[in-house]
Amino acid sequence: MKEPNRISKQLEYSKRTHFTDEFVLVDGITRAGKFGLAHVVSALEGVEFFQYPFLLETLLYLNRLGKIDFETCRNLLHVDYDLRVFDSMIGRNLNTRVHDLSCIHKMANFEQYTTRAEIEDRDLLVKKFLSDKRLPFHINHEGLANARTLFKIFPKVKVINVVRDPV
């Protein structure tokens, strides 16, 4: 019978380059006003409209609970982060559901995001995003419990923690 971790011990991850190492993260407990603040922050010059990265929230907790090792957690989060940034660069996976607080149409300058989806040349969009030094923006729920791991994986993240009693 094979050792269960034998294969995982043989895997080695190589370092990835990222589109950008910096992003903004609004965090806080449920119903604390994260989405309201997120709309204000995403209206700042150079900041992207916010996205909810389910894997960021989930994988950090799985690592903390010992269900996934740090290297795997880090690499999965880096891949997911890069995919989210790329999708934002080219106007892919925009939330257009008007009844959601994260609907792209609720953004003051939503046309800049929908226009990206109409441009065929992805390289042009990536170059423009990078030359404009756009800052990716995400929203998270109760993530500061995993801050040590978050800052190890993303040392340049800028966290805004909303402290408000939802009652």
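What percentage of the 167 residues in the protein chain is buried? Buried residues, those under 20% relative accessible area with a 1.4 Å probe and protein chains only, make up 38%.

## Basis of the model

This is a predicted model, in which local features need pLDDT of at least 70 and side-chain atom pairs count only at pLDDT 80 or more, while totals for chains, interfaces and linings use all residues. Residues are numbered from 1 along each chain as its sequence is written, and side-chain values use heavy atoms, without hydrogens or water.

## Overall architecture

The protein chain contains seven helices and three strands, taken as DSSP runs (helices H or I, at least four residues; strands E, at least two) numbered from the N terminus. Their sequence pattern is α-β-α-α-α-α-α-β-α-β. Along the principal axes, the C-alpha trace spans about 60 × 50 × 25 Å.

The three strands form an open sheet in the order β2-β1-β3, with parallel pairing; two strands pair if DSSP finds at least two bridges between them. The edge strands, β2 (137-139) and β3 (158-162), each pair on one side only. Strand β1 (residues 24-28) is joined to β3 by five bridges, and Asp27 stands opposite Asn161 in β3.

Helix α2 (residues 34-42) lies across β1, β2 and β3, at about 175° to β2. Such angles run from 0 to 180 degrees between N-to-C directions, with axes fitted to C-alpha atoms, for helices over the stretch in contact (heavy atoms within 4.5 Å).

## Exposure of Phe54

Phe54 belongs to helix α3 (residues 54-64). Phe54 counts as partly exposed because its relative accessibility is 48%, and partly exposed lies between the buried limit and the exposed class of over 50%.
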